[in-house]
Amino acid sequence: MLGLQGLRLPPAGFLLLLPFLLLLLLPAAPAPHRVSYKPVIVVHGLFDSSYSFRHLLEYINETHPGTVVTVLDLFDGRESLRPLWEQVQGFREAVAPIMAKAPQGVHLICYSQGGLVCRALLSVMDEHNVDSFISLSSPQMGQYGDTDYLKWLFPTSMRSNLYRICYSPWGQEFSICNYWHDPHHDDLYLNASSFLALINGERDHPNATAWRKNFLRVGRLVLIGGPDDGVITPWQSSFFGFYDANETVLEMEEQLVYLRDSFGLKTLLARGAIVRCPMAGISHTAWHSNRTLYETCMEPWLS
């Protein structure tokens, strides 16, 4: 039996450090994977500015940290009354570089009048890469209601006679007239509307086929609105519903633009790419600051 004579034992301090030294020799654990979110582009509405979306920006940063959010600061305040095609061109020049730097795609959150600007963008941009287009209380099938905005802009007119202004060349120079939709004067609307009737495919034009193809590039269309909005009239316009000649609301599936699939709505619904999120109790100016609305109707689609 061998004895321990002549065998030098390591110092006690070394023995205490040995487990820690062994840990240093082990391979490092992989760093936790950080989720990368697609960039978000926000487009404001009538008489708005980027400041109106400070709460929405805060919510996105809390729930999706690291997301690059761009609230476009174009056509603010009274400039939002400029003709919508002029605004579409300006916003197009702003969003194109953002899309180019995001090969994985982007999300659009577009509020009120801005929802129409964004729908036009999706129509005219051949190579857009929009994943979710979130239309936030936007009059997608037009507007037909007396609101404070109208009373300020046209103080001597009411909705019953505003068509005389809006369906004139002079009236079409105002953004709100570009989507004024009088159900009692449908022929005038179809002939005079220089914006809504075109992006809806309700009037023939040489770009209709290309615009439809472009629109259908979108990954998902999220429609948000509600009965207590107080501005969008009828409120179902946020979901592509609208009045008939008797002012009875026909839902999206009853609209000719859907039945004819004139710009792609029917196709989108068939592939399960339309999400409808109605919510009561929210007024028009509160959609972008309501936390419950954000968590329910927007946050799930900001991948």
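The following questions and answers cover a predicted model and its strands, rings and selected residues.

Residues are numbered from 1 along each chain as its sequence is written, and side-chain values use heavy atoms, with hydrogens and water left out. In this predicted model, local features need pLDDT of at least 70 and side-chain atom pairs count only at pLDDT 80 or more, while totals for chains, interfaces and linings use all residues.

Student: How many helices and strands does the protein chain have?
Tutor: Both are DSSP runs, numbered from the N terminus: helices are H or I with at least four residues, strands E with at least two. By that count, the protein chain has 13 helices and eight strands.

Student: What percentage of the 303 residues count as buried?
Tutor: Buried means under 20% relative accessible area, exposed over 50%, and partly exposed in between (1.4 Å probe, protein chains only). For the 303 residues of the protein chain, the buried share is 50%.

Student: Which residue in strand 4 is the bridge partner of Ile109?
Tutor: Two strands pair if DSSP finds at least two bridges between them. Strand 3 runs parallel to strand 1 (residues 40-43), with four bridges, and parallel to strand 4, with five. Val40 stands opposite His107. For Ile109, the partner in strand 4 is Ile134.

Student: Where is Thr67, and is Thr67 buried or exposed?
Tutor: Thr67 sits in the loop between helix 2 (54-63) and strand 2 (69-71). Its relative accessibility is 9%, so Thr67 counts as buried.

Student: Which residues is Thr67 in contact with, leaving aside its neighbours within four places in sequence?
Tutor: Contact means heavy atoms within 4.5 Å. A polar atom of the Thr67 side chain also lies 2.6 Å from the backbone oxygen of His64. Beyond the sequence neighbours, the contacts of Thr67 are Tyr37, Lys38, Val40, Ile60 and Asn61.

Student: Why is the pair of Tyr144 and Tyr243 edge-to-face?
Tutor: Rings of Phe, Tyr and Trp (its six-membered ring) pair if their centres lie within 6.5 Å; planes under 30 degrees apart count as stacked, over 60 as edge-to-face and the rest as tilted. The structure holds 13 aromatic pairs. In this one the centres are 6.3 Å apart, and the pair is edge-to-face because the planes stand at 85°.

Student: How many residues apart are Tyr144 and Tyr243?
Tutor: Tyr144 is in the loop between strand 4 (130-136) and helix 5, and Tyr243 is in strand 6 (residues 242-243). Both are buried. The pair links distant parts of the chain, with a separation in residues of 99.

Student: Which residues do ring pairs link into a cluster with Tyr144 and Tyr243?
Tutor: Ring pairs tie Tyr144 and Tyr243 into a cluster.

Student: What relative accessibility does Arg159 have?
Tutor: Arg159 lies in the loop between helix 5 (148-153) and helix 6 (163-166). Not counting residues up to four places away, Arg159 touches several residues, including Tyr144, Trp180 and Tyr243. Arg159 counts as partly exposed because its relative accessibility is 22%.

How values were computed:
A polar contact is a pair of N or O atoms within 3.5 Å; within protein, one must be able to donate a hydrogen and the other to accept it, and residues adjacent in sequence count only if both atoms are side-chain atoms.
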